Amino acid sequence: MGTLSSLTMSSFFTGERAVVLFFISLILCSLPFSLLSHALTLSLLTLASLFLEIRFEAPNSLSLFPTRPGASSGILLGTVTLPAVILSKMIQLSRGLSLGEVKFEELHYLTLQYWATSASSVGVLIFLSLSLRHAPCSRSDRVLKFSLCFMFLHAALCCVSLATIYQDLHPALKLSWFVCHALAAVKLIQHFLTTFPSCASIGEALLVTSGIVLYFGDMLLRTMEKLSGLSMSLELHPTEYGINRSEISTFIQGLLLGLLLYSLAFKYIIQIGEWFIKAASAETRYNEIGRSLVFFASLGFVMIVIGPSWMQFVQEFHVHPIFWVFSFVFSEPVKRLSLCIYWVCVICFSVLRFYNISRSSKIERILLRKYYHMLAVLMFLPALIFQPEFLNLAFGAALAVFLTLEIIRVWRIWPLGQLVHQFMNAFTDHRDSDLLIVSHFSLLLGCALPIWMSSGYNDRPLAPFAGILSLGIGDTMASMVGHKYGVLRWSKSGKKTIEGTAAGITSVLAACSLLLPLLASTGHILTQHWFSLLIAVTVSGLLEAHTAQLDNAFIPLFFYSLLCL
């Protein structure tokens, strides 16, 4: 008891923790009785991550991992975000199920995704707890014991739920599948924190690793289904649960996962290529050219052969997937080509303009980068209203380009590596490093994820706009108004102001008031109440004001989750 009393209320309930706990309480209050077990597990997961974060932020604990300077651990936020997003989507599908517009199998499969994500989070929490055994600080060991207790209760409740709710789905095999998710997440976050030291907080790394493991797991299930029918015995495959994937989602999944696997294997590809190059020539110039040839040849092989082969294996493409993309674009040539021309013109003008400003102007870089947030509104908002399917595909292609450029920059691939590095550095801030630049990824993903997750049943027309509204309008206005007019700060040590937060919340509400009639005119049925919208916008704005994490990654997911309720 003495240990807990030594933790003051100010250190226990920081602004970020208070917002996250309120966010979780909103989701728990919206859950139907049929999802009671999920409510209990989310509560236990929240308590476990909260106590572990308190223990981790004790003196000398954060030095165990080389995290991003100036950021808190973010364990609570990183742990609960993805399970909360999936649970919010389940609440939305439950409404559709009651109306007969959603199949039970679709909700069932999303439930399995929730358990898999929770297992990944618990696995990482246990790994972090075990790493604290060697920490020099031991005053808060009782807090750590509380955290471990909640983790094991969560695991036990997961096992009970699998045994009682899913009696026809081989609980032992399901449990082994979830354990594999947990082990993969632990291995991946270890690799991430050691390969990219001081590039992310633990919470940010946890969010990324949990998402990648979930995405890879879905890809593996689809592959297993086609290979030997093994997934039929596991009763895990997506098509059995009514998840009929479109060609666009399959193309994006194959493209992105191919690039992620390539980035992991490229180190070994380069080592093999350099061995042959050095055997043939000892000149450094030829080594650079040779490594560049190896890179582009292997990348082309992955993008043209390996990736499309998997796409055609799991989906019935009647032509090569790359040719399918061209046929999709030219199926509505006037609208889609016009949109492409508009995007190219906006990008070229903005990039050249802002790059020159960044080299000669004294404007703070954080404000300069907000112009790109406004650029996202100009580019994505019209496309989302009039060409949402094409925008889905464009987001996947843009993310693939960003991944490719980042690989080129990190490995300094001749002749583009140094040029890309100089250009990217013009728009970085304190959250980026020379080793890894994440701000452009987080902005693109922050806008894309709500749109991708809104595919299928969606009774909340504003949900796909969550990223564009929260980042392109709310975050931008909060930064600009707070920087110019802000006086009252949320905390003595922070830079965020109450005036900036109020401006961000007001601007998003104003944008929603303009967007809702436009959506109604295009045939959308509006079911969002203004009071729930006000809560969603306010909570998202408060998170932006209080979090020290990468807000581009977390705010859109928070806003999307609350819009789904």
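**Exercise 1.** Is Thr 41 buried or exposed?

*Solution.* The model is predicted: local features need pLDDT of at least 70, side-chain atom pairs count only at pLDDT 80 or more, and totals for chains, interfaces and linings use all residues. Residues are numbered from 1 along each chain as its sequence is written, and side-chain values use heavy atoms, with hydrogens and water left out.

Step 1. Locate the residue: Thr 41 belongs to helix H4 (residues 36-56). Helices (H or I, at least four residues) and strands (E, at least two) are DSSP runs, numbered from the N terminus.

Step 2. Apply the cut-offs: buried means under 20% relative accessible area, exposed over 50%, and partly exposed in between (1.4 Å probe, protein chains only). Thr 41 has a relative accessible area of 0%, so Thr 41 is buried.

Step 3. List the partners: apart from neighbours within four places in sequence, Thr 41 is in contact (heavy atoms within 4.5 Å) with Tyr 114, Trp 115, His 154 and Leu 157.

**Exercise 2.** Describe the surroundings of Val 124.

*Solution.* Step 1. Val 124 lies in helix H6 (residues 104-131) and is buried, with a relative accessible area of 0%.

Step 2. Not counting residues up to four places away in sequence, Val 124 touches Ala 185, Val 186, Ile 189 and Leu 206.

Step 3. Val 124 and Ala 184 are 60 residues apart in sequence, and their C-alpha atoms are 9.5 Å apart in space.

**Exercise 3.** At what angle do H9 and H22 pack, and which residues meet?

*Solution.* Step 1. Axes are lines fitted to C-alpha atoms, for helices over the stretch in contact, and angles run from 0 to 180 degrees between N-to-C directions. Helix H9 (residues 202-227) and helix H22 (residues 551-564) pack at about 60 degrees, with their axes 11 Å apart. H9 is therefore oblique to H22; angles under 35 degrees count as roughly parallel, over 145 as roughly antiparallel, 65 to 115 as roughly perpendicular and the rest as oblique.

Step 2. Gly 203, Glu 204 and Leu 207 in H9 meet Ala 553, Phe 554 and Leu 557 in H22.

**Exercise 4.** Summarise the protein chain as a whole.

*Solution.* Step 1. The secondary structure comprises 22 helices and zero strands.

Step 2. Of the 565 residues, 53% count as buried.

Step 3. Among contacts between residues at least 6 apart in sequence, 77% join residues at least 24 apart.
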